[in-house]
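Please keep the structure open beside the text while reading.

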Amino acid sequence: MSENPQNPQNPQDSEKPERSEKPEAGKPGVPGAGKPEAPGAAEPEQRSEGAREPEVPQAPAAPDVPVAAGPPSAAAPSAAEPSGRRRLASALWPPRVTRAQLVVALLLFVLGLGLAIQVSSTSENSALRGARQEDLVRILDELDDRTQRLEDEKTRLEKQRSELESSSDQAEEARKQTQEKERQLGILAGTVAAEGPGITLTVGDPTGAVESDMLLDTIQELRAAGAEAIQVNDVRVVADSYFTGSGDDMRIDGTKVAAPYVFKVIGKPEDLEPALNIPGGVVQTLEKEQATATVERSAKIVVDALRPAKRPDYAQSSSQ
């Protein structure tokens with residue numbers, strides 16, 4: 001067997017098996033030795049030379065142990081919040097109405113309806129609410145005039161009493177006063193003709209829409225303004241007069257009267273005319289019914305329609 005001078009080889013080395021270049025696992029100092037890395041594990045953090053941190057073995061995972069029920073943690077309210085909202089929504093909808101709630105709702109509805117009707121009625125019936133300042137001043141003047149008339153009547157009666165007490169011939173003075181009183185009462189009762197200043201009110205009714213209550217309201221308004229004698233067409237109007245019918249069958253005290261209705265009124269013209277023309281008064285009411293109302297002042301109005309004097313059947317004078 002010839003020797004190769006370029007590649008001397010020990011006979012013993014040829015007998016040794018070839019060692020694998022793959023490092024054995026488990027030997028210290030060899031890269032990759034130790035526990036095999038899990039797939040996808042992160043690369044170990046590069047540290048400075050000479051400061052290699054020793055690896056700490058991981059403790060085995062503890063088995064799952066049921067936890068005893070205890071007080072809720074701080075995160076419990078936030079976790080239970082959706083369920084609380086759902087409970088609130090389910091409590092509110094659909095609504096559950098009890099009998100007591102229905103009774104309360106019905107009472108509140110009736111109360112609100114009554115208040116609305118009251119406010120509406122007050123707004124419609126209060127004719128002075130939208131009146132102008134001039135109209136309010138005129139109405140106030142009428143009230144002052146009525147008060148003054150009552151004061152004058154009081155003064156006159158007191159004067160008559162003083163005259164009766166101081167007169168030497170009390171019988172003659174009493175007779176004169178009795179005659180004057182009889183004349184005044186005759187004018188009021190319609191048994192005596194009268195004349196004096198006043199107004200003439202002419203009501204036209206082309207459509208026949210004027211009712212008897214409208215004429216009665218006119219009489220009441222004139223009396224409140226101080227009218228002392230009233231005549232409608234040919235009928236004397238007194239305290240016990242009444243109106244019936246409407247249109248072509250209008251009657252006063254059973255006597256038929258036809259349009260136009262002419263009111264002859266004796267009184268103070270400065271009080272009578274404004275009383276008819278106030279906002280919401282007689283003139284406006286008649287005009288709403290397509291009727292016409294004309295007022296004329298006069299220095300002399302003659303009321304000559306008379307009523308028969310009736311002797312009372314049961315009433316007697318109580319004076320001795």
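Predicted model: local features only at pLDDT ≥ 70, side-chain atom pairs only at ≥ 80, totals over all residues.

In the strand β6, Val257 is the bridge partner of Met250.

**Sheet**
- Strand β5, which spans residues 250-252, pairs with β6 in the antiparallel sense over three bridges.
- These strands belong to an open, antiparallel sheet of three strands, arranged in the order β4-β5-β6, and its edges are β4 (243-244) and β6 (255-257), each of which pairs on one side only.

**Nonpolar cores**
- The largest nonpolar core has 29 residues, and those that touch the most other members are Leu222, Ile230, Tyr261, Phe263, Val265 and Leu286.
- Two or more residues of this core come from each of β1, α6, β2 (229-232), β3 (235-237), β5, β7, α7 and α8, with α6 giving the most, namely four residues.
- Beyond its neighbours within four places in sequence, Val265 is in contact with several residues, among them Leu222, Ile230, Leu272 and Ile301.

**Helix α7**
- Helix α7 covers residues 269-277, and within this helix Pro269, Asp271, Leu272, Pro274, Ala275 and Leu276 are buried.
- The buried residues of α7 are covered by elements that include the helices α4 (133-166), α6 (212-224) and α8 (282-288), as well as the strands β1 (194-204), β7 (261-266) and β8 (292-303).

Definitions and conventions:
Residues numbered from 1 in each chain as written. Heavy atoms only, no water. Buried < 20%, exposed > 50% of the residue type's maximum accessible area, 1.4 Å probe, protein only. Contact = heavy atoms within 4.5 Å. Pairing = 2+ DSSP bridges. Core = buried A, V, L, I, M, F, W, Y, C linked by side-chain atoms within 4.5 Å.
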